Amino acid sequence: MDRRQQGATHSTPEVDTTGGLWPSASYTRQIAALKAAVGKKIYLVELKPSDINLGIRLSNTPHELLAVIDFPRPDPNQGLAPHLLLLDDGRGVNLGRIARISLNTPFSPSAPDILYQNASLMDTLLLRDRQLSKAFIGARSQALLGRLLGKPALQQVAQQEGAEEA
C-alpha cells in the first residue's frame with residue numbers, strides 16, 4: 001500500500017493532530033446532526049479498503065438512517081470511530097469507514113446538506129489535484145517508447161519533468 005492509502009485507511013475524522021482530545025468537538029457536533037436525522041434518507045460516500053488498494057464508493061442510492069449507536073471498541077489507529085450507523089439495508093457501518101453523509105443529494109451537496117464529513121479523507125481521496133495531465137501522459141509515453149526502443153529516454157524525461165516543476 002502506498003503512503004497516501006495507508007494514511008487514509010488509518011485516519012479518522014476525530015483525530016485531532018494538535019494533541020487535543022479524541023473525538024473532537026467537531027465530531028461531537030456531527031454526531032448530534034446525525035442523531036437528529038434518524039428516520040431520514042441519507043447518501044453515503046464510503047471507503048472500500050482491500051488488501052491492495054483503497055477505494056471510495058459514491059452511490060446515488062439513498063439509505064434510511066435507522067440509528068446512530070455507540071461502537072464498543074473505537075480505535076483511531078485502525079480507523080474505527082466511536083459510532084456505528086444502522087441502515088435500512090441491514091448494514092451497520094462504522095463512521096471511520098465513511099467519508100461523507102449528506103441529505104437530499106449524493107453529489108456535490110451544499111453545506112447545510114452535509115451531516116458528516118471527514119475533511120482529511122475527502123481532500124486526500126476525492127478533491128485532490130489529479131496527476132494525469134496531457135504533459136504527464138506524454139512524458140510517460142515517451143519514456144516507455146524509449147525504453148521499448150532501447151534508448152535512455154527515461155532519464156531524459158525525468159530531467160524534463162524536474163525542469164518543468166522548477
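Arg-91 has a relative accessible area of 24%, so Arg-91 counts as partly exposed, a class that runs between buried (under 20% relative accessible area) and exposed (over 50%), with a 1.4 Å probe and protein chains only. The model is predicted: local features need pLDDT of at least 70 and side-chain atom pairs pLDDT 80 or more, while totals for chains, interfaces and linings use all residues. Residues are numbered from 1 along each chain as its sequence is written, and side-chain values use heavy atoms, leaving out hydrogens and water.

Arg-91 forms a salt bridge (side-chain nitrogen of Lys or Arg within 4 Å of a carboxyl oxygen of Asp or Glu) with Glu-46, and their closest N and O atoms are 2.9 Å apart. This pair links distant parts of the chain, 45 residues apart: Glu-46 is in strand β1 and Arg-91 in the loop between β4 and β5. Strands are DSSP runs of E with at least two residues, helices runs of H or I with at least four, numbered from the N terminus.

Glu-46 is buried, at 4% relative accessibility. Glu-46 also bridges to Arg-57, at 3.1 Å between the closest N and O atoms, and to Lys-48, at 3.9 Å. With Asp-89, these residues and Arg-91 are linked in a network of salt bridges.
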